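This report goes through one protein model, from its overall make-up to single side chains. Please keep the sequence and the structure in view while reading.

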Amino acid sequence: MNRFLATTAIALLMGAAPALAQSPDTPSTPPQEPGMQAPMQPESPSAIPSEPNMKAPDQSSEATPILPDKSAATPDKSLDQSAQFLNEQKTDDMLASTIIGKSAVNSQDEAIGDVNDLVTDRSGKILAALIGVGGFLGIGEKDVAVRFEDLKLTRDENNDTKVVLNVSKETLASAPDYKMLDEQRVVEGSATSDQGKTGSGY
């Protein structure tokens, strides 16, 4: 009886030996041969990078073209309505270019000076004529302003302008010198400088 039990136990141990010999850590899948890789698994949709956002350009960021100001180029109709034009010279019309530079003579047809310039107001009305008198070849000459209405303008047979002023040379020579604005500033500056020197004891 004891011998039967011992034989049975030995038989059980020998049957269980192959199962115990297999390591539990050994994977059940057969090992892969070198050079053989597992097939690529498809990635999930979330892992695929999305395409760049092809957004339409922002039209508001583009530079807006500057249109010309049409109002600045539009003429003022009120000015056009008030503008008046002359189309020809009348018999009594005189050009300033035919007066300036002319020799002025008196009633005895004696030369008394030259018309150097004309003085007008802001409206264009001629106030006076500057007659250059005295001096020699322009040296020492002074300008005398005579009222333009005192001049008599005529034309000769060659259509040349003649300036007549019924005064004598002596009268013009004794008349005051006409000082222009630039000359007045120089005189005022000299007077101020002289006053400063007098006050300082010079």
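## Overall make-up

The accessible surface of the protein comes to about 17,700 Å², and carbon and sulfur atoms account for 57% of that area. The model is predicted, not experimental. Of the 202 residues in the protein, 13% are buried.

Five helices and six strands make up the secondary structure. Read from the N terminus, the order of elements is α-α-α-β-β-β-β-β-β-α-α. Among contacts with a separation of 6 or more, 38% are between residues 24 or more positions apart.

Strands S1 and S2 pair in the antiparallel sense, with three bridges between them. Within this pairing, serine 103 stands opposite aspartate 114 of S2. The hairpin of S1 and S2 has five residues between the strands, and aspartate 109 there takes a positive phi near 65°.

S2 also pairs with strand S3 (residues 126-133), again in the antiparallel sense, over six bridges. Here valine 115 stands opposite isoleucine 131 in S3. The hairpin formed by S2 and S3 has five residues between its strands, and glycine 124 in the turn has a positive phi of about 100°.

## Salt bridges

How many salt bridges does a search of the whole structure find? The search gives five. Details of several follow.

Aspartate 109, the residue with the positive phi near 65°, forms a salt bridge with lysine 162, with 3.4 Å between the closest N and O atoms. This pair links distant parts of the chain, 53 residues apart: aspartate 109 is in the loop between strand S1 (103-105) and strand S2 (111-120), and lysine 162 is in strand S6 (residues 161-164). Lysine 162 has a relative accessibility of 37%, so it counts as partly exposed.

Another salt bridge joins the side chains of glutamate 149 and arginine 147, at 3.2 Å from N to O. Through salt bridges that share partners, Arg147, Glu149 and Asp150 are joined into one network. Glutamate 149 counts as exposed because its relative accessibility is 63%, which is over the 50% cut-off.

Glutamate 88 forms a salt bridge with lysine 90, and their closest N and O atoms are 3.3 Å apart. On which side of the 50% cut-off does each partner fall? Glutamate 88 has a relative accessible area of 52% and is therefore exposed, while lysine 90, with 48%, is partly exposed.

Leucine 165 lies in the loop between S6 and helix H4 (169-174). Is this residue buried or exposed? Its relative accessible area is 3%, so leucine 165 is buried; the cut-off for buried is under 20%.

Which residues does leucine 165 touch, not counting those up to four places away in sequence? They are Val105, Asn106, Ser107, Ile112, Val146, Asp150, Leu151 and Leu172. One of these, Asp150, also belongs to the salt-bridge network with Arg147 and Glu149. Leucine 165 and phenylalanine 148 are 17 residues apart in sequence, and their C-alpha atoms lie 9.7 Å apart in space.

Definitions and conventions
Residues numbered from 1 in each chain as written. Predicted model: local features only at pLDDT ≥ 70, side-chain atom pairs only at ≥ 80, totals over all residues. Heavy atoms only, no water. Salt bridge = Lys/Arg side-chain N within 4 Å of Asp/Glu carboxyl O. Buried < 20%, exposed > 50% of the residue type's maximum accessible area, 1.4 Å probe, protein only. Helix = DSSP H or I, 4+ residues; strand = E, 2+ residues; numbered from the N terminus. Pairing = 2+ DSSP bridges. Contact = heavy atoms within 4.5 Å. Areas by Shrake-Rupley, 256 points an atom, 1.4 Å probe, with all protein chains shown as cover.
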